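Biologist: I am new to this structure. Could you take me through it, beginning with the aromatic rings?
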Amino acid sequence: FSPQVDSANAGRVLASDAAVFLKKSGLTDLVLGKIWDLADTDGKGILSKQEFFVALRLVACAQNGLDVSLSSLNLPVPPPRFTDTNSPLLLSGTASSDVPWAVKLEDKAKYDAIFDSLNPVNGLLSGDKVKPVLLNSKLPVDILGRVWELSDIDHDGMLDRDEFAV
């Protein structure tokens with residue numbers, strides 16, 4: 001988490017901190033309220049890291065004209081845009097094609113085909129199934145381990161379609 005949303009470094013985001021941050025998306029309060037309701041699954045007014053990730057994906061969906069619904073979460077969208085330029089992780093009006101680390105749509109289709117060819121179970125691939133693909137890159141094993149850590153966003157030991165593309 002960025003200190004902008006997790007000032008206490010507690011691994012969670014309070015509603016007040018999230019509201020300030022998410023308002024920088026330029027979305028209306030009505031849309032942001034809907035995003036919060038979908039992301040705050042237990043209704044406690046606090047988002048876990050995974051729930052905050054869901055909120056960010058929903059912001060990206062809304063910014064790209066898609067429905068703010070859980071069914072939109074797996075649709076390919078560029079990263080969400082925020083008007084804050086203090087963080088290198090936040091984009092300020094930059095098209096995803098200009099961002100070197102963003103997964104381009106044509107690449108996403110290729111990665112999805114590879115993902116499907118590895119026979120995912122319930123939309124997930126285990127490390128054992130992904131390992132041969134990663135080893136094909138010829139990168140050192142320690143680097144591949146770090147790639148896995150960064151890609152397995154929810155740290156469940158499995159990669160979904162989007163985590164695999166990352």
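This is a predicted model: local features need pLDDT of at least 70, side-chain atom pairs count only at pLDDT 80 or more; totals for chains, interfaces and linings use all residues.

Biologist: How many aromatic pairs does a search of the whole structure find?

Modeller: The search finds three aromatic pairs. In one of them, the ring centres of Phe-21 and Phe-52 are 5.9 Å apart and the planes are at 50°, so this pair is tilted.

Biologist: Which parts does that pair tie together?

Modeller: Phe-21 belongs to helix H1 (residues 15-23) and Phe-52 to helix H3 (residues 49-63), so the pair ties together parts 31 residues apart in sequence.

Biologist: And is Phe-21 buried or exposed?

Modeller: Phe-21 counts as buried, at 5% relative accessibility. Ring pairs also link Phe-21, Phe-52 and Phe-82 into a cluster.

Biologist: Let us change topic to H4. Which residues are buried there?

Modeller: Lys-108, Asp-112 and Phe-115 are buried in H4. They cover an arc of only 60° around the axis, which puts them on the same side of H4.

Biologist: Why would residues three or four places apart point the same way?

Modeller: An α-helix has 3.6 residues a turn, so residues at that spacing point the same way.

Biologist: What covers the buried residues of H4?

Modeller: The cover includes strand S3 (125-126), strand S4 (158-159) and helix H7 (161-165). On the face turned away from the buried side, H4 carries the exposed residues Glu-106 and Ala-109.

Biologist: What happens just after H4?

Modeller: Asn-119 takes a positive phi of about 55° there.

Definitions and conventions
Residues are numbered from 1 along each chain as its sequence is written. Side-chain values use heavy atoms; hydrogens and water are left out. Rings of Phe, Tyr and Trp (its six-membered ring) pair if their centres lie within 6.5 Å; planes under 30 degrees apart count as stacked, over 60 as edge-to-face and the rest as tilted. Helices (H or I, at least four residues) and strands (E, at least two) are DSSP runs, numbered from the N terminus. Buried means under 20% relative accessible area, exposed over 50%, partly exposed in between (1.4 Å probe, protein chains only). The arc is that of the directions from the helix axis to the C-beta atoms. Contact means heavy atoms within 4.5 Å.
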